[in-house]
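Visitor: I'm new to reading protein structures. Could you walk me through one, feature by feature?

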There are 2 protein chains.
Amino acid sequence: MKTDIDHLMKEADLDALFVFGPASHNAPMTYFTGLAHLSVGFLLKIRDGKVIHFHNPMEREEAAATGLETKDIYADYDFPALLEQANRDSNMAQALLLEKALAEYKVHGRIGIYGKIEFGHWLRTIDFLRIKLPDVDILGEDMLRSVITQARMTKDESEIERIRAMGRITTAVVGDVAGFLTSHRVKDGYLVNREGEQLTIGNVKRKINLWLAMRGAENPKGSIFAVGRDAGIPHSTGTDSDPIPVGQTIVFDIYPCEAGGGYFYDFTRTWCLDHAPDDVLQIYEDVLEVYETVYSAIRPHKPCRDSQIQTCELFEAKGHPTVLSNPLTTEGYVHSLAHGIGLDVHEAPSFNIKFDDVLLPGSVITVEPGLYYPDRGLGVRIEDTAWMRPDGVLETLVEFPKDLILKMQGA
Amino acid sequence: MKTDIDHLMKEADLDALFVFGPASHNAPMTYFTGLAHLSVGFLLKIRDGKVIHFHNPMEREEAAATGLETKDIYADYDFPALLEQANRDSNMAQALLLEKALAEYKVHGRIGIYGKIEFGHWLRTIDFLRIKLPDVDILGEDMLRSVITQARMTKDESEIERIRAMGRITTAVVGDVAGFLTSHRVKDGYLVNREGEQLTIGNVKRKINLWLAMRGAENPKGSIFAVGRDAGIPHSTGTDSDPIPVGQTIVFDIYPCEAGGGYFYDFTRTWCLDHAPDDVLQIYEDVLEVYETVYSAIRPHKPCRDSQIQTCELFEAKGHPTVLSNPLTTEGYVHSLAHGIGLDVHEAPSFNIKFDDVLLPGSVITVEPGLYYPDRGLGVRIEDTAWMRPDGVLETLVEFPKDLILKMQGA
């Protein structure tokens, strides 16, 4: 949690953190500022000290609304003069500005840097700053282990409620989509509207974005609505022009966030419209059984990799290839069981078997086993977002039915 | 344009470019891949040579659909083995991967890097790579002058049509908002609905997002809908809980992009509902007159700063303070006349008087003079997006009326 930052900085031997970039769609900045319309700027967090946001003069009121200490890079630091001093080199001027900020707040030692920003541009700025301040150690941290990553890994109650609210919106839209699909007619094995025109994946995705916007959510990363062979490739998003068949797996994975770039939710259901072939029924049963077994075995402080290994072993016992015995397999179980979620859709902890993350109380994770057989034209994944509560119970934030078959309403 | 990249690389003495990160909301990557669901990965552009995208195995089909040469970081480079070799340090494993890619494609010399990504994490990777490859110069470029910035500064016909299509969506939504506002009743100087409840800025912003989504656009940066004193601060986005008065300036600035993170449009109108006070009428007339004068004076190959200086001089002749005589002023004309727009809402050319950009044929820019008097509770800005055509005509991509006063429909 945010209250852990000072001691995490001490453990990492960091004297300060710099966070660069806007306050939206930039998790480490949003973590400090909240959702705010700060399109440029940077932030300095001093260990056991304050957080200062440095803003553009046009955004002075938005900066003040964050409740942080603020500095105006024009009124307080005369950035135009720094640009002259830097011979109008904007990177050098930025380096001079950062140097002034560090001097004013008497920051020395080791500084960790953050921010989702244009890498090349900021690397040039930091390269200048490193030359100007050879005694200051300006360093990137391992994203999997960084101070802000670790702080964000556990959530307080207000963060949980924001993620849960996104879950309510997400599942409501999933319900809307189910209703929309099943209200269609079937012709030659595909959904058609009243005029007999085929419904396409593009039509459905447009509706998803619309219904999310109606409920105040944003969908910056799109959604997966993948049918048949596409469903057999976990990150295939589906082909917009494809029609929607009955009796084939549809993997519907939706991961919207709060409007303005806040907390995410992540959710997947696999559906067969009208009916499901026997082999799909069997695969679905395998995934659901593994979901329930691994979910109920997740415990606080358990190594995340143990859950991933258990998932692989359960699938292998049922005859499915997995990444445990063949890391390069593209059939069977081909990804991780889970990932943390919050201000980024993928964040710590990691369930990659190569890493040592443990599941801390207060974490929010997905649970998402799946099986994929692209050459057989099918894929199945079931995913919920769940909170490891302080009392050790893993709570699905929003419950939603796990039915494979959606009966057509006219049937 | 993209076809300029090889000679721009030669001018910058760069042998290759690395672009890191996803293909959405990451302009330098989207520039090469098009809109694609590539959530991770990187790209190598070799001077006078090919473009190779390196992808995650789960995204192999999405990568192939880009039409670029592709490499699978698992199947082709055995990333899990690199992670072992790196003692499970993910940054070191990334550095090993980049090293292998450079070796395979025989890249030496100077490499420019790009990508909107988590800075600290990638800095650590690049710091490792710099140690491993001391003879390779891995460098950030000045964002205002970089190869990809310069290439993107001029657009081809297909890019123009995509920006224009976003302009049609944007102005259609602006028309919807005007109709929505003026369909309300007025009570005690504020808009109310049929039940007599005050309409708020939050209500309007929700509608804006909904109507954009209905038309297939995305609004990742929100919009400005700022009234009264907020309108007097150029980047104030407005206060969601505020009601909407008649007879005060409303600055409505909207800058959506193609769903999935593509091309932007940028557009502002200032409205007074029902009527406008005399001082607002005068300020509006000043802005509109300056808009028309500077717009008609914009020529291809003209230094951008000349247009900014002309704007300042015109406003000062009318008695308004400007950033020309006082760079720190927060009253009068307080920003730049214009900016380039494309895959980023703000891109080259810059109209900052400190820089030497000239307006090349093929550029797309905003034109957006404004006047701001926060202590008088008013602000006015008029903005269109325009294309400097190859024939030297500056064409507003989508025309829209510039009326200040919106008459209430019931009046």
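**Reading the model step by step**

Guide: Let's begin with chain A, which has 11 helices and 22 strands. Keep in mind that this is a predicted model.

Visitor: What is the radius of gyration of chain A, and what would a compact globule have?

Guide: Chain A comes out at 24 Å. A compact globule of 411 residues would be near 22 Å, so the two agree. As for extent, the C-alpha trace of chain A spans about 75 × 50 × 35 Å along its principal axes.

Visitor: How much of chain A is buried?

Guide: Buried residues account for 55% of its 411 residues.

Visitor: Which residues touch the most others in the largest nonpolar core?

Guide: The general idea comes first. In soluble globular proteins, nonpolar side chains tend to be buried together. Here the largest nonpolar core holds 243 residues, and Phe18(A) and Phe18(B) touch the most other members. Leaving out residues up to four places away in sequence, Phe18(A) touches Phe42(A), Leu44(A), Ile111(A), Ile113(A) and Tyr114(A).

Visitor: Let me try a single residue. Is Leu96(A) buried or exposed, and why?

Guide: Count its neighbours. Leu96(A) has 22 C-beta neighbours inside 10 Å, so Leu96(A) counts as buried, because the cut-off is 20 or more. Leu96(A) sits in helix H5 of chain A, residues 90-104. Setting aside residues up to four places away in sequence, Leu96(A) touches Leu82(A), Gln85(A) and Ala86(A). Lys402(A) is 306 residues from Leu96(A) along the chain, and their C-alpha atoms are separated by 57 Å.

Visitor: Now sheets. In what order do the four strands of the open sheet in chain A come?

Guide: The order is S11-S12-S14-S22, with mixed pairing. At the edges are S11 (223-227) and S22 (405-406) of chain A, each pairing on one side only. Look at S14(A), residues 267-273: S14(A) and S22(A) run parallel, joined by two bridges. Leu273(A) has Leu406(A) in S22(A) as its bridge partner.

Visitor: And the two chains, how are they related?

Guide: In general, two copies of a chain are related by a rotation about an axis and a shift along it. In this model, rotating by 180° with 0.0 Å of shift along the axis superposes chain B on chain A, with an RMSD of 0.0 Å. The two copies are therefore related as by a two-fold rotation axis. The same surface serves both copies, as 98% of the contact residues of chain B recur in chain A.

Visitor: How many residues of each chain are in contact with the other?

Guide: On one side there are 63 residues of chain B, in contact with 62 residues of chain A. Several elements of chain B each supply at least two residues to that side, including helix H5 (90-104), strand S6 (116-118) and helix H9 (201-214). H6(B) gives the most, with eight residues. By class, the side of chain B that touches chain A has 28 nonpolar, 21 polar and 14 charged residues.

Visitor: In which sense do S6(B) and strand S6 of chain A pair?

Guide: They pair in the antiparallel sense, over three bridges. To find the spot yourself, look for Lys116(A), which stands opposite Glu118(B) in S6(B).

Key
Residues are numbered from 1 along each chain as its sequence is written. Chains are lettered from A and ligands numbered from 1 in the order in which they are written. This is a predicted model: local features need pLDDT of at least 70, side-chain atom pairs count only at pLDDT 80 or more; totals for chains, interfaces and linings use all residues. Two residues are in contact if their C-beta atoms, placed from the backbone, lie within 7 Å. Ala, Val, Leu, Ile, Met, Phe, Trp, Tyr, Cys and Pro count as nonpolar, Asp, Glu, Lys and Arg as charged, and the others, Gly among them, as polar. Two strands pair if DSSP finds at least two bridges between them. The radius of gyration is taken over C-alpha atoms; the globule rule is 2.2 Å times the number of residues to the power 0.38. A residue is buried if 20 or more other C-beta atoms lie within 10 Å of its own, exposed if 12 or fewer, and partly exposed in between; C-beta atoms are placed from the backbone. Copies are superposed by least squares on the C-alpha atoms of residues with pLDDT of at least 70 in both. A nonpolar core is a set of buried Ala, Val, Leu, Ile, Met, Phe, Trp, Tyr and Cys residues joined through C-beta atoms within 7 Å.
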